[in-house]
Amino acid sequence: MENKGIKLIERPAFMAGITAVGGFCNAYTGMTRGGVFANAHTANMAKLGIAIATLNASDAFNAVVPIVGCFLGAVICELVKDKGDLLGGHWHQKALILELLALVAVGFIPDTVPDFWVNAFMSLVTGFQLDVFRSWSGGNHNTTICTGNLRTMGQLFYAELFHRTDATGKKALTYAGLLLSFPLGAAVGALLCLWLGVRASWVAGLFLLAWVLWMNMDEKRQAAGART
């Protein structure tokens, strides 16, 4: 797809990078924080229901806290969306800076801290990201979970097989790249975790810094174009 006229935050390359960070976050908690995925809230909701049915208060608490973390992440995102312009610049950029700081901060939390609380914090981070970036130029897209994305890929594959046009093939191929960026981010994250342990999140922070600078450069380019 052509990038002309498409917002930076909806370009496939930009969204692929954000999606890779989503994969990284799941690998990070899975590899360094007790084998739990940061954004497995479908499973957490099911666990909550089972815990209620079996009157298991401990399991219910363990399921509820990360769910609440994800919920609060979305609430904080909406707050940034509402108030971000007061700080100048686009709210997406401010949100990305907050996520960057969160990933840097979590790398300072030693592995002696119970994994449960770190995973709850990471659930907040991934819930925040999920609400910040929700679409690419071709439609909706989830950057931290893949179930809906797999459905979308299936729909695009069907369209390419039975309703083929020049656009369907290109869109399906582009979206396949977006979909695969998640496991790629998880793979890179796993290698970084083996090397750096809990401090691997700092590398993800550096990656997001590059994306923040990209957004800043694009904002300046647009401002310069508006003046000419």
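Predicted model: local features only at pLDDT ≥ 70, side-chain atom pairs only at ≥ 80, totals over all residues.
Glutamate 160 forms a salt bridge with arginine 164, and their closest N and O atoms sit 3.2 Å apart. Arginine 164, at 59% relative accessibility, counts as exposed.

How many salt bridges does the structure hold? There are four. One of them pairs arginine 134 with aspartate 131, with 3.2 Å between the closest N and O atoms. Aspartate 131 is buried, at 11% relative accessible area, while arginine 134 is partly exposed, at 47%.

Now to arginine 11 and aspartate 218. These two form a salt bridge, with the closest N and O atoms 3.7 Å apart. Arginine 11 lies in the segment before helix 1 (12-32) and aspartate 218 lies in helix 8 (residues 201-227), so this pair ties together parts that are 207 residues apart in sequence. Both partners are buried. There is a network here too: salt bridges link Arg11, Asp218 and Arg221.

Last stop, friends: leucine 55. You'll find leucine 55 in the loop between helix 2 (41-53) and helix 3 (57-83). Most residues other than glycine have a negative phi. Leucine 55, however, has a positive phi, near 55°. Leucine 55 is also exposed, with a relative accessible area of 76%.

Conventions:
Residues numbered from 1 in each chain as written. Heavy atoms only, no water. Helix = DSSP H or I, 4+ residues; strand = E, 2+ residues; numbered from the N terminus. Buried < 20%, exposed > 50% of the residue type's maximum accessible area, 1.4 Å probe, protein only. Salt bridge = Lys/Arg side-chain N within 4 Å of Asp/Glu carboxyl O.
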